[in-house]
Amino acid sequence: MTIAERDRAAPRLGVLLAVLGVVYGDIGTSPLYAFHASLVLLQPHPINAPEILGILSLIVWSLILIVTVKYVTLVMRADNRGEGGILALMALAQRVSKLASTRRGLALVGIVGASLFFGDGVITPAISVLSALEGLEVSAPGLQTYVLPIAALVIVVLFVMQSHGTGRVGRVFGPVMAVWFAVIGVLGAIAVARHPLILLALSPSYALALCLHYRFIAFIVLGAVVLAVTGAEALYADMGHFGARPIRTTWTFFVLPSLILNYLGQGALVLNDPSAIANPFYLLAPSWLGLPLVILSTIATVIASQALISGAYSMARQCMQLGFLPRMTVRHTGETEEGQIYVPQINYILAIAVLILVLSFKTSDSLASAYGIAVTGTFTCTAILAAVVFRRQFLWSRAATIIVFGFFFVLDGTFFAANSLKIVEGGWVPLVIGGALIGLMTTWRRGRDLMLARWQQDSLPLATFIARLPQSRTVRVPGIAVFLTGNPEYVPGALLHNLKHNKVLHEQVLFVTVNNIDVPEVLPEHRTQIEDLGSGCYRVILSYGFKESPNIPRALEALRDKGLPFDAMQVSYFLGRETLVPAMVPKMSLWRMWLFLAMARNAVSATEFFRIPPDRVVELGVRVAI
């Protein structure tokens with residue numbers, strides 16, 4: 001089924017449940033802390049009906065404008081051949097841009113958005129698990145001192161389980177989240193039925209009145225209101241898994257009504273009982289439901305964390321494929337699903353960072369100060385990239401593009417500015433994480449470009465080598481030699497070193513180049529391109545999308561279908577192991593040079609990354625000065 005056919009077809013119940021379990025974990029658990037955090041920022045000012053209605057109106061209209069209008073209605077139209085997410089959108093925007101300078105600028109926007117996404121990935125598990133377990137303070141006050149240890153234990157177990165994959169656990173994610181949304185929606189509806197006056201919050205006039213009355217304080221409150229829309233990026237990022245229609249259907253008819261009802265119910269509770277401001281989410285439930293709701297909330301937050309952790313793995317793989325990060329180990333945990341992957345290095349870093357945050361900030365209220373900047377920064381980057389795509393690909397007029405996306409850019413920028421006021425209180429956390437990752441990505445990209453330029457400068461054109469080969473009297477030996485090369489127009493350094501030291505060349509030589517292109521996946525029939533260069537030499541181009549993990553031996557076995565005799569048992573893979581050293585006149589600053597060399601030394605070997613059998617690999621050392 002094509003992407004277009006999938007989106008036109010009526011979504012099945014199983015698909016809708018899967019969407020609930022994967023897409024909405026983050027935004028679905030926001031009622032645990034978003035309304036409470038917003039009310040706290042208004043204190044010590046009295047919190048009466050205008051304040052409650054105003055905050056609720058801000059939350060409701062943020063859900064409508066940012067999630068429903070911006071992402072569900074507009075941005076999800078900008079799919080990169082069915083795939084969504086900040087990097088997919090960046091690749092699409094670059095593809096429709098003509099100027100090289102524009103493409104470089106869009107790449108930087110994509111890098112910033114991806115880096116902030118990783119910052120979000122550190123904070124989300126910490127604040128979600130803490131906010132869920134803080135319900136023990138309401139349902140079982142005697143267990144209050146155990147909240148922090150239990151949260152740390154849940155997080156440790158969560159990250160330890162990652163190496164086993166999420167396939168089996170994923171089957172229950174959907175039904176659990178369906179129960180979650182049904183429960184919070186019903187609890188909210190009951191409170192709204194008791195105090196229907198709270199429905200006035202659906203009018204945007206109360207949001208406007210709050211902003212005009214409190215001004216700067218209302219601006220500060222926006223920094224907490226944005227917590228209600230965290231996870232909006234997931235709706236777009238998970239398009240490739242489910243298609244746009246199931247995501248739009250579940251959001252419009254189930255998730256959004258449940259969230260709005262719960263927020264209104266919390267507001268109705270506080271309006272009737274101001275003391276409920278202590279924890280309006282859990283106090284909304286009857287006492288007999290307290291402990292079961294804590295358990296359900298904890299499971300829901302684990303699901304939310306799981307979805308974001310899995311997203312971090314996918315984002316890391318995309319960064320590797322697009323040349324923004326060095327090679328890392330990518331393990332496939334699903335027998336049939338390509339998307340089920342595990343990246344150990346990312347898992348260790350996330351686990352340590354999340355534990356540090358939990359033990360340092362201790363409460364969800366404290367972590368709320370660190371949350372928001374990463375989310376709103378990604379929102380802003382998405383608005384910029386989407387504006388380019390709608391202008392260039394969908395041929396929107398300049399006026400329409402400026403009016404529509406200018407509005408969202410101002411809205412996202414306002415939320416970002418409001419969250420920037422929390423830098424001292426904890427907002428520095430995602431900025432430090434994002435800044436570090438931006439430095440890593442730009443340094444790696446610059447270093448690889450310099451390496452390629454230097455290697456190209458010192459290499460022999462392949463056409464010249466092939467033309468001289470028949471007259472060279474080079475001894476040819478039986479077998480197949482595969483030489484990996486980053487540029488198919490030049491002779492690999494490993495081949496020249498092999499001729500220099502071993503003075504032989506195999507009867508059949510394949511010059512293999514792995515080409516990472518800006519599409520999610522490449523169809524099998526378009527994977528391989530072969531060119532006969534003569535003298536038993538062939539140029540092979542293997543194309544992979546940014547969602548795929550290269551497997552060179554499997555791809556080369558398909559050469560038999562294209563008429564090229566290929567025997568996997570007769571193949572030797574020749575790889576060049578580069579030893580990087582600073583040039584006499586380095587083209588990078590010393591700190592960036594040190595950073596690049598450190599990343600290169602710790603990168604996963606090409607043998608492991610391309611899944612080449614180690615017993616068939618011959619490595620030849622090459623010194624490269626940059």
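E489 and R539 form a salt bridge, their closest N and O atoms lying 3.8 Å apart; the term means a side-chain nitrogen of Lys or Arg within 4 Å of a carboxyl oxygen of Asp or Glu. The pair links distant parts of the chain, 50 residues apart, with E489 in the loop between β3 (475-484) and α24 (493-502) and R539 in strand β6 (residues 537-544). This is a predicted model, in which local features need pLDDT of at least 70 and side-chain atom pairs count only at pLDDT 80 or more, while totals for chains, interfaces and linings use all residues. Residues are numbered from 1 along each chain as its sequence is written, and side-chain values use heavy atoms, with hydrogens and water left out.

E489 is partly exposed, with a relative accessible area of 45%, whereas R539 is buried at 12%. Buried means under 20% relative accessible area, exposed over 50%, and partly exposed in between (1.4 Å probe, protein chains only).

The structure holds 4 salt bridges, including these:

| Pair | Closest N and O atoms |
|---|---|
| E489 and R539 | 3.8 Å |
| D412 and K70 | 2.5 Å |

Helices (H or I, at least four residues) and strands (E, at least two) are DSSP runs, numbered from the N terminus. D412 and K70 are both buried, and R527 and E548 are buried too.
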